[in-house]
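Please read this short briefing alongside the sequence and the structure. The notes are grouped by topic.

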Amino acid sequence: MTDFKDRERGEETKFAFDQETEFKIAARRNRLLGEWAAGLMGLTEEETDAYKKAVVQADFEEAGDEDVIRKLLGDLTAAECDVSEADIRAKLEECSVEARRQFMSDQK
C-alpha cells in the first residue's frame, strides 16, 4: 500500500512541477511578445517594461491565449500598426519556442 501512496505522491509532485514550469514559460513568452509589440508601437524603455507586465497580466483574464491575442490586437490597432491577428498568432508561436529555449538554458 505504501508503494502506491509513494507513487501517487510522486505523480502529484511531478504534475505540480510541470504546471509551474508551463506557467513560467508562458509568462516569459508573454514578456517577449509584449516587447515585440512595444517595439512596433514605438514605446520608450519605461513604457516597454510596463507594457510587458500588462501583457503578462492580460493572460490571467481567461484560460488559453485568446486574452493575450485580443489585448495585443486591440493595442496594435489603436496604435495604427499594420498587424493582423495571424501575425500576432505567428509571433506568439515564435515567442513560445524562444521562451522554452531560454527557460531550459537557464535551468542548466
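Is R70 buried, partly exposed or exposed? R70 has a relative accessible area of 46% and counts as partly exposed, where buried means under 20%, exposed over 50%, and partly exposed in between (1.4 Å probe, protein chains only). This is a predicted model, in which local features need pLDDT of at least 70 and side-chain atom pairs count only at pLDDT 80 or more, while totals for chains, interfaces and linings use all residues. Residues are numbered from 1 along each chain as its sequence is written, and side-chain values use heavy atoms, with hydrogens and water left out.

**Salt bridges**

- The whole structure holds 12 salt bridges, each being a side-chain nitrogen of Lys or Arg within 4 Å of a carboxyl oxygen of Asp or Glu.
- R70 pairs with E62 in one of them, with 3.0 Å between the closest N and O atoms. E62 is partly exposed, at 35% relative accessibility.
- E20 and K24 form a salt bridge through their side chains, at 3.0 Å from N to O. Both residues belong to helix 1, four residues apart, which is about one turn of the helix. (Helices, H or I with at least four residues, are DSSP runs numbered from the N terminus.)
- E20 counts as partly exposed at 42% relative accessibility, and K24 is partly exposed with a relative accessible area of 38%.
- E85 and R89 form a salt bridge whose closest N and O atoms are 2.8 Å apart. These two residues lie in helix 4, four residues apart, about one turn of the helix.
- E85 is partly exposed at 34% relative accessibility, and R89 is partly exposed with a relative accessible area of 31%.

**Nonpolar core**

- The largest nonpolar core has 14 residues, of which L33, Y51, L72, L76 and I88 touch the most other members. A nonpolar core is a set of buried Ala, Val, Leu, Ile, Met, Phe, Trp, Tyr and Cys residues joined through side-chain atoms within 4.5 Å.
- At least two residues of this core come from each of helix 1, helix 2 (45–58), helix 3 and helix 4. Helix 3 gives the largest share, four residues.
- L72 is in contact with L33, A37, Y51, V55 and I88, leaving aside its neighbours within four places in sequence. Contact means heavy atoms within 4.5 Å.

**Largest pocket**

- Helix 1 provides the largest share, seven residues.
- By type, the lining has six nonpolar, two polar and four charged residues.

- Most residues other than glycine have a negative phi.
- E80 is not a glycine, yet E80 has a positive phi of about 60°.
- E80 sits in the loop between helix 3 (66–78) and helix 4, and E80 counts as exposed at 76% relative accessibility.

Methods: Ala, Val, Leu, Ile, Met, Phe, Trp, Tyr, Cys and Pro count as nonpolar, Asp, Glu, Lys and Arg as charged, and the others, Gly among them, as polar.
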